[in-house]
Amino acid sequence: YDRFDHYQARVSFARAKEYEFILPSKSKRIKLQDFAHPAIENPVLINLDLNHKIMLVTGVNAGGKTMLLKSILSAVFMSKYLIPYSCDKKSCVGHYKDIEAILDDPQNVKNDISTFAGRMIEFSKLFHKQNILVAVDEIELGTDSDEAATLFKVILEKLIQKNAKIIITTHHKRLAAMMAV
């Protein structure tokens, strides 16, 4: 009965808020129409169609890159766990076995690890997984972006070979230019 009560509560919540259940599909496409991030009081509605294996979001500070990244992660997470949210019912979200977010600065003085080394450890854990959604905020954090662009290009290509969908934010254009080729 507990499971039924949980489902009934979600349905009642969705009806009261006029939210939609977007069930994960077999495709890896993420298409959001009029998506409103649930943690923002007056959100800007998001419309995007991510049908490619990788999405790089570039721009200046305060441009909303991180919030876009977190919004996409939120929609995928809520769909995966059958949580209703505000969007148009034409939205669709693919099914991913795992959702991996690399968002914070992993530097740890106590463990004698730099930001760059911490990021490399986080990336190394992803190579053993398949069918994952990977989100990285400020991919070049902790190192020179020009020097690291080639390294990150190789890492991203290896993850794509593992059937990963990748969303990245960055201020730097070199990696984006390299991945566009």
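These points go through a sheet, a helix and a loop of the structure.

1. Basis. The model is predicted: local features need pLDDT of at least 70 and side-chain atom pairs count only at pLDDT 80 or more, while totals for chains, interfaces and linings use all residues. Residues are numbered from 1 along each chain as its sequence is written, and side-chain values use heavy atoms, with hydrogens and water left out.

2. The sheet. Four strands make up an open sheet with mixed pairing, in the order β1-β5-β2-β3. Strands here are DSSP runs of E with at least two residues, and helices are runs of H or I with at least four residues, numbered from the N terminus. Two strands pair if DSSP finds at least two bridges between them. The edges are held by β1 (24-25) and β3 (46-50); each has a single partner strand, so one side of each has no neighbour in the sheet.

3. The β2-β3 pair. Strand β2 (residues 30-35) pairs with β3 in the antiparallel sense, over four bridges. Lysine 31 has aspartate 49 in β3 as its bridge partner.

4. Helix α2. This helix has 16 residues and spans 23 Å from its first C-alpha to its last, close to the 22 Å expected at 1.5 Å a residue (the expected span is 1.5 Å times one less than the number of residues). α2 lies across β1, β2, β3 and β5, and runs at about 105° to β2. Axes are lines fitted to C-alpha atoms, for helices over the stretch in contact, and angles run from 0 to 180 degrees between N-to-C directions. Among the buried residues of α2 are Leu69, Ile72, Leu73, Val76 and Met78. Leucine 82, which follows α2, has a positive phi, near 55°.

5. Serine 91. This residue is in the loop between α2 and β5. Serine 91 is buried because its relative accessible area is 6%; buried means under 20%, exposed over 50% and partly exposed in between (1.4 Å probe, protein chains only). Apart from neighbours within four places in sequence, serine 91 is in contact (heavy atoms within 4.5 Å) with Ile22, Lys31, Leu32 and Gln33. A polar atom of the serine 91 side chain lies 2.9 Å from the backbone nitrogen of glutamine 33.

6. Lysine 89. The loop between α2 (65-80) and β5 (92-94) also holds lysine 89. Lysine 89 has a relative accessible area of 65%, so this residue is exposed. Neighbours within four places in sequence aside, lysine 89 is in contact with Glu20 and Ile22.

How values were computed
Polar contact = N/O pair within 3.5 Å; in protein donor to acceptor, adjacent residues only side chain to side chain.
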